[in-house]
Amino acid sequence: MKQVDVRGPSYTVPCEDYVHAVEFNPFDSGSASSLLAYGGNQYVVVGTCRFQEEDTEVDGVEFTVLRAFHHGIRVDSFAWSPETRLDQLPQVIRFCTAGADRKLRLLTSDLQDTHEMKVMEGHTDYINHLVFEPTEGKQIASVSDDHTCRLWDLDGNLSTTFLLHSPGMSVCWHPEEIFKLMVAEKNGIVRFYDLVTQQAILSLESGLSPLMSADWCLTNTIKVGAVAGNDWVIWDITRSSYPQEKRPVHVDKARLFRWCRANENLFSTTGCPGKISSQLLVHHLGHPQPVMIGTSSVGAGLSWHRTLPLCVVGGDQKLSFWVTEM
């Protein structure tokens, strides 16, 4: 049996604040470097990352800050817009955040003189996750503890509200399935909504709660994964509404689940921040045990690089990066 790889971060980058949310840009924004943003208690910092895995002249990681945007309140979740471009003039940086005050903030900047922030109000409780429509970026979906999933346009208008049976924990929009929206609820149910008819068309059952996080595989639309209770669960949505695989992984409840964007068989999970056993675990569907255990206790946020088998986790005044094998 393959030995589990136990190790500290491959690279770290110091930050001036506790990192509550971190996200690689999942879209090709036309730059050789990857865009990365992280949110703290007051600011969102946007920068570019270059790794030695893609450029041998780089010693480990090279993180270049493009701009720090004053946010004024803790950033709980972050989403990139596909309209973000670095290969044109003027450059466009666009993202949306969920703040601790239950408001969404849409920020557009040319990284020079023009910055516009639009505040969207409507949720009545903590916002757990948000995402842009991935082809044109003209809509934003958000889910909240207020038992709703809401769709917004870029002017801040609320276009659709889906009433949920429990708190909404994750929302995913797939570039190959733009008329469907995946919403994961804390009660362990994942539903797909048809955005034309505004009806639920498919539901997946984990059989576990609380479900804390779910993700729709970017490289294979039939795969959905989640963490619920102490377990990770994987569905093949063409075969059954019940998980194909399920495995206990975190002693003190699992917190986040993210598919690798470069390999459909790799995914990562984290435990709850602040716990002794809150490691980052990287899993491969072909192995019964995790293929890598990140030893430093993790904070908040988890994101995979767009093309490399490399993920980042936020924490206390630092970003930690782990490189794994394909």
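Visitor: Which residue stands opposite Gly-39 in strand S5?

Guide: Val-44 stands opposite Gly-39 there. This is a predicted model, where local features need pLDDT of at least 70 and side-chain atom pairs count only at pLDDT 80 or more, while totals for chains, interfaces and linings use all residues. Residues are numbered from 1 along each chain as its sequence is written, and side-chain values use heavy atoms, with hydrogens and water left out.

Visitor: How many bridges join S4 to S5?

Guide: Strands are DSSP runs (E, at least two residues), numbered from the N terminus. Two strands pair if DSSP finds at least two bridges between them. S4 and S5 run antiparallel, and six bridges join them.

Visitor: What is the order of strands in the open sheet that holds S4 and S5?

Guide: The order is S3-S4-S5-S6, with antiparallel pairing. S3 and S6 stand at the edges with a single partner strand each, so one side of each has no neighbour in the sheet. On average, neighbouring strands here are turned by 20° against each other, direction ignored. Such angles are taken between lines fitted to C-alpha atoms, on a scale from 0 to 180 degrees between N-to-C directions.

Visitor: Which strands form the open sheet that includes S12?

Guide: That sheet has four strands in the order S11-S12-S13-S14, again with antiparallel pairing. Its edge strands are S11 (127-132) and S14 (158-163), and each pairs on one side only. Neighbouring strands are turned by 15° on average, direction ignored. Look at S11 and S12 (residues 139-144): five bridges join this antiparallel pair. In S12, Ala-141 is the bridge partner of Val-131.

Visitor: What lies in the loop between S6 and S7?

Guide: His-71 lies in that loop. At 7% relative accessibility, His-71 counts as buried. A polar contact is a pair of N or O atoms within 3.5 Å, one able to donate a hydrogen and the other to accept it; residues adjacent in sequence count only if both atoms are side-chain atoms. A polar atom of the His-71 side chain is 2.7 Å from the backbone oxygen of Ile-73. Contact in general means heavy atoms within 4.5 Å. Leaving aside neighbours within four places in sequence, His-71 is in contact with residues including Gln-42, Thr-97 and Arg-105.

Visitor: Where does Pro-175 lie?

Guide: Pro-175 is in the loop between S15 (168-174) and S16 (177-185). At 38% relative accessibility, Pro-175 is partly exposed. Set aside its neighbours within four places in sequence, and Pro-175 contacts Pro-134, Thr-135 and Leu-218. Pro-175 and Phe-27 are 148 residues apart in sequence, yet 10 Å apart in space, C-alpha to C-alpha.

Visitor: How many residues has the largest nonpolar core?

Guide: In soluble globular proteins, nonpolar side chains tend to be buried together. A nonpolar core is a set of buried Ala, Val, Leu, Ile, Met, Phe, Trp, Tyr and Cys residues joined through side-chain atoms within 4.5 Å. The largest one here has 19 residues, and those with the most contacts inside it include Phe-24, Tyr-38 and Phe-321. Strands supplying at least two residues each include S3 (21-24), S4 (34-39) and S29 (318-323). Another core, of 15 residues, lies apart from this one, with Phe-27 and Leu-107 among its members.

Visitor: How many salt bridges does the structure hold?

Guide: It holds 16. A salt bridge is a side-chain nitrogen of Lys or Arg within 4 Å of a carboxyl oxygen of Asp or Glu. Lys-223 forms one with Glu-264, with the closest N and O atoms 3.0 Å apart. Lys-223 lies in S20 (residues 223-228) and Glu-264 in the loop between S23 (254-259) and S24 (266-271), so the pair ties together parts 41 residues apart in sequence. Lys-223 is buried at 12%, whereas Glu-264 is partly exposed at 27%.

Visitor: Which residues are linked in a network of salt bridges?

Guide: Glu-83, Arg-94 and Lys-138 are linked in this way.

How values were computed: Buried < 20%, exposed > 50% of the residue type's maximum accessible area, 1.4 Å probe, protein only.
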